Amino acid sequence: MTRIKQEPNTYWSKEEKIRIVRKVIDEGKSSYAVAKEENISSSGMIRRWVKKYIEKGPDSLENKKKPGNPLSKYANKKNLTEMEQLQYENMKLRIENERLKKGYLVKGDGSVVVFKK
């Protein structure tokens with residue numbers, strides 16, 4: 001059996017997922033055949049999409065937004081406006097507050113974080 005090469009962490013839009021799922025449901029093709037046809041390395045992923053589609057409908061195939069680092073948009077700028085400076089400071093304080101609630105002890109400018117028992 002030859003292994004299909006695929007880019008790592010391939011992004012599949014909701015529309016692409018629905019198109020692929022419809023091949024399995026409407027045309028009666030196996031998930032393995034569709035995976036081979038679409039150059040997808042995992043037929044199990046297609047089976048999960050089909051199950052989600054059947055149970056919860058097409059909206060369940062929507063990609064989840066990843067939160068990322070909220071401070072990165074401010075940290076990369078050299079000259080922040082006054083509003084951006086206030087937003088940056090507010091966000092830092094919110095993060096520090098959440099850490100304190102979880103039992104972290106922040107020292108100095110926040111670069112040293114110690115977990116207290």
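## Salt bridges and surface charge in a predicted model

At 51% relative accessibility, Asp 26 counts as exposed. The model discussed here is predicted. In it, the side chain of Asp 26 forms a salt bridge with Arg 22, at 3.3 Å from N to O. Both residues sit in helix 1 (residues 14-26), four residues apart, so about one helical turn separates them. Arg 22 is partly exposed, with a relative accessible area of 31%.

**Overall layout.** The protein chain holds five helices and two strands. From the N terminus, the order is α-α-α-α-α-β-β. The chain has 117 residues, and 24% of them are buried. Its accessible surface is about 9600 Å², with 51% belonging to carbon and sulfur atoms. Take the contacts between residues at least 6 apart in sequence: 43% of them join residues at least 24 apart.

**Salt bridges.** The count comes to eight. Side chains of opposite charge can pair when their charged atoms come close.

| Pair | N to O distance |
|---|---|
| Asp 26 and Arg 22 | 3.3 Å |
| Lys 23 and Glu 37 | 2.5 Å |
| Lys 29 and Glu 27 | 3.4 Å |

Which elements does the pair Lys 23 and Glu 37 tie together? Lys 23 and Glu 37 meet in a salt bridge of 2.5 Å. Lys 23 lies in helix 1 and Glu 37 in helix 2, so the pair ties together parts that are 14 residues apart in sequence. Lys 23 is buried, at a relative accessible area of 15%. Glu 37 is partly exposed, at 42%.

Lys 29 pairs with Glu 27, with 3.4 Å from N to O. Lys 29 is partly exposed at 29% relative accessibility, whereas Glu 27 is exposed at 51%. Shared partners link the salt bridges of Arg 19, Lys 23, Glu 27, Lys 29, Glu 37 and Glu 38 into one network.

**Asn 39.** This residue is found in the loop between helix 2 (31-38) and helix 3. Most residues other than glycine have a negative phi. Asn 39 is not a glycine, yet has a positive phi of about 60°. Its relative accessible area is 42%, so Asn 39 is partly exposed.

**Positive patch.** Arg 47, Arg 48, Lys 52, Lys 56 and Lys 64 form a positive surface patch. One of these residues, Lys 52, is placed in helix 3 (residues 43-56). Lys 52 counts as partly exposed, at 40% relative accessibility.

Conventions: Residues are numbered from 1 along each chain as its sequence is written. This is a predicted model: local features need pLDDT of at least 70, side-chain atom pairs count only at pLDDT 80 or more; totals for chains, interfaces and linings use all residues. Side-chain values use heavy atoms; hydrogens and water are left out. Buried means under 20% relative accessible area, exposed over 50%, partly exposed in between (1.4 Å probe, protein chains only). Contact means heavy atoms within 4.5 Å. Accessible areas come from the Shrake-Rupley method with a 1.4 Å probe; for residues, only the protein chains shown count as cover. Patches are made of residues with over 30% relative accessible area and no salt bridge: like charges are joined within 9 Å, nonpolar side chains (Val, Leu, Ile, Met, Phe, Trp, Tyr) within 5 Å. A salt bridge is a side-chain nitrogen of Lys or Arg within 4 Å of a carboxyl oxygen of Asp or Glu. Lys and Arg count as positive and Asp and Glu as negative; His and the chain ends are not counted. The place of a charge is taken as NZ of Lys, CZ of Arg, CG of Asp or CD of Glu.
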